[in-house]
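Here is my notebook page on aromatic rings. I jotted things down as I looked them up.

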Amino acid sequence: MRDTHKLFIVCLFLLTATFTAKAIPIGGLFPHSGGWSIGDRTLPGFELAVRDINADNTILPNHTLEPVANDTECDEGKGLLEFTEFRTRGIQAIVGAGCSVVSTPISSLATYWNIPMVSWGSTSPKLSEKSKHPYFKRVVLPDDQQALAMLDLCKHYGWSRIGILYSQEELHTLIRDKIVEEAPGYSIDVVASESFPGQTGFDVSAAMNRLKNLGIRIIMLICYSSDAVTTFKTAVSLDMASKDYAWIATDASFIRDIWTQSGVTDPDEISLIQRGISGAVGFQPNPTTGPRYPQFETDYLQYTGLSTVETYAAFAYDATWMIARVFHELLEVQGFSYSDSDFGKKVNDLLWNETFSGVTGSIAFDGATGDRSSLPYDLFNYQEGGNYVKVGVWEGTEYVPDPSNAYNWPEGSLTPPSDSPEIKEPELIASVRYTFFALAIIGVLLCIVCGIMTIVYMKHPRIRAASPLFLFVILFGCIMQYISIPINGFKKTEALCSIPFWLVHVGFFLVFGALFIKTYRVWRIFSIRKGKLKKVVITDFELLLPLAAMVSAVIVYLSVYTSIHRRTATRVVDDSDKTIARIKCIHEKDGYLAWEVVLLVVEALWLLFGLILSYQIRKVSILRFNESYYITLSIYNITFLALLLIPIGFVLKTTADVLFVMVSVGVLLATTGVVVLLFWPKFIAILRNKPDTDTTGAASRTLSSIGNNINQTLSAREYNDTPEPQADGESVNISDSSNISEDESIDTEASSIDPMTNTSRGDKNV
C-alpha cells in the first residue's frame, strides 16, 4: 500500500510538471525619459500583448512569457547597459528599442550574440542596411518614407519653398538628407536647412532667425519631442507661430500631449507651448487599419486609464506578437529549447518570412531590408487648446485630406500660409524710388531737349565744330544710363537683374567713347608738326569704326560675364522689417567681382586717356573746338562719384534700398554733369552770340588747378596772337596773317572736322 502511495505521488508530480507552463523571458526596451520620453504610454502595449498571449491557449500553451522591460532613457550608453543585462539573463529576443540612437549600436551587439530585435519605433533609414543589421527588424516604416509623405503634403498645398530645422542626431540628419535629395522631383526648393545640437537645451533662436531672414515660411521640424518643445516656445518669441508660418513635424517631434511627455507641469509654460504648436501638423504611422484594433483600443484605455491610445503602443503590441508566434513555431511545433545556443539565430531566420495580421494591419518584413512592407501615415493637427486632431492620411503615393476635420493653421486661420512673405514696399521706400524715377525721366527729357536744339542749330559753327553725329551718340548713351534707374527699381526678374548693369556700362562707353574720339580728331587737326599746322581730314565714318569696335568689345565682354555669372532674382526678407520680402539680384556663384573690377579698371584707364587728351588740346584758342575745360570737369565729376560710391557699395554690405539710392545718385549726377557741361555752354554761347576765342586762359587755369602734372606756367598770352619761342622752329600760331585771314583759317579747320562745312577752301595749306 505504501509503495502504491509513493508511486501515485511520483506520477502526480510528473503529471504536474508536465502541465506546468515553462516561463521564458522576453525583453522590452522603452524610453521613459530623454529626448523621446514615450515609454510610459508605449510600455502598456507590450504588457497587454504578453497578457493576451499568456491567456491564449492556441499560442505557446506550454510556455509563459515573462516580460522584462528596461528604460533606455533614449540614450545610447544607457541602452547598451540595459541590453547587456538582457544578455546576462539569457533573453533570446527583444521588443524594441524605440529610439534609433539606441537601436543602432545595440543591433551590432545583437548580431554578435544572435539576439533578434523587432523594433516598435526606431525609424532611422540606416537600420535598413541589412549587411550591418541582419538581426534587426521593425513593424514601422523607415523615415525615408516619412520624408516622402512630408514632401507630398507640400505638393498638395502648392508650396515650392521650404526650410528645414533639424537636430544633429544621425537619425534626423538622414531624414534631412532624404528630403533634400527628393525635393527637386517635387519641384520644391529647400532654401536652407539649419541644424542644432539635439537634447542639449541648445538655444535654437539663431538657427530659426536665419530661416526667418530668408523669408522661409514653411518649416520642416526634425528632432525629438524635447527639442520640439524648446522650438515651439522659441517660435512664439520670434513671432514664427503666426498665421504666416506652417510647421511640419516628424513623428518623433510631434506626439500627443507633448508638454506632458516632456515633463512640463507649469501651467504658464504649458500655455506657451500650446501657443507655439497650435496650427502645426505632424505625421504619425497609422495603427488603426487592422481588424483587431478596436478591441486593442478598448483594452488599452481600460488598462491605462488614459483617454486616448498612444500610436506606438499598438506597434509594440504587434512586435511582441511577431516574436511570440516564432517562439511558438520553434518551441511547440519543432521542439527546440529556449536555452539552445542557436535559438536566437533560429528565431531571426523565421522572422524574415513571418506574416501576421495584427492590430496595426498586415505585417510582413521586406526580405532585403527587414522593414515593414507598407504602412499609411496619419497627419495630425494641433488646434486651439492643445487638441490633437487627425486631418489627413498619406497612403504611400499621395496625401489625402480628411473631409470631416478642417485644418486649423496658426492663430486659428483656415487658410494655408503662403510659402513666401508678401512682396511689398513701405511707403517711404516707395516714395524714394518714385522720386528717382521722376528724376530719371527729367534727365531723359533733358537729353531730348538737347537733341532738338542740336538739330535746330545744326549749321551753327559751334555745333558743326562739336560734330553733331557724336553729340547724338553721347545723348543716346546718357538716355541709356537714365533709363537704367527705373529698370533697376522694378520688380526683379532674371532679365531685369542684368539689364541695368548693361545699360550703365554700355552707356558709359557710348558717352565717353564718342566724346574722346571726336576730341582726338581735334587734337590731330590742331597738332603742331614741323613749324606749322597740318591740314588733316578725318571723317565721321572713320571715327565711328573705332567707336563701334569699342562698344562691340564691351558687349562681348558683358555677354561672357553674364553667361558665366548669372544673376538670379532671389527673395530675401528685409533686414528692418521681417514681414517684408524683397527680390534681390544675387550671383549664382563666386568670382564675379574680378570681372567687374576689370571693367572698372578699363573705364578708369579710358577716363585717364580722356584727361590726357584734354590736356593736349588745352592751347586751342578756338572755343568751339576746345572742350578741354568741360571734359576735365566731366571726368573730375565721375571720378569723384566713383571714388565715393564704389567702395561703399563693395565694402559696406548695404541694404537693397540703400544700394539703389547710391547707384541712382551716382548715375544722375554723373550723367547730368556730362549733359550740362557739354551742351549747355554751346547753347548759351549761341543764344548770347559769344566770341569764339579764349582771351582769358580759363581752360589753362582749370587744368592747372586739377593737377596731374599739368604745366602750371601756362598764361593768357599763349592764347593771344603773341608768339612764343618754340624748339625746332615749331609755332603755336594756328593762322598765318601773311597767308590767310583768321576767319578763313577757322573755316578750313572746321571743314576738316565737320564734313557739312564747305570744303572748297581745303586746298589751302594751313
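**Rings in the model**

I started in helix α21 (residues 656-688), where F679 and F683 both lie, 4 residues apart, about one turn of the helix. Helices here are DSSP runs (H or I, at least four residues), numbered from the N terminus. I noted that this is a predicted model, where local features need pLDDT of at least 70, side-chain atom pairs count only at pLDDT 80 or more, and totals for chains, interfaces and linings use all residues. Residues are numbered from 1 along each chain as its sequence is written, and side-chain values use heavy atoms, with hydrogens and water left out.

Both F679 and F683 are buried (under 20% relative accessible area; exposed is over 50%, partly exposed in between, with a 1.4 Å probe and protein chains only).

Next I looked up the aromatic pairs, and the whole structure has 39. Rings of Phe, Tyr and Trp (its six-membered ring) pair if their centres lie within 6.5 Å; planes under 30 degrees apart are stacked, over 60 edge-to-face, and the rest tilted.

F83 and W113 make a stacked pair, 5.8 Å centre to centre with 15° between the planes. F83 is in helix α3 (residues 76-88) and W113 in helix α4 (residues 100-113), so this pair ties together parts 30 residues apart in sequence. I found F83 buried, at 0% relative accessible area, while W113 is partly exposed at 24%.

Technical notes:
Helix = DSSP H or I, 4+ residues; strand = E, 2+ residues; numbered from the N terminus.
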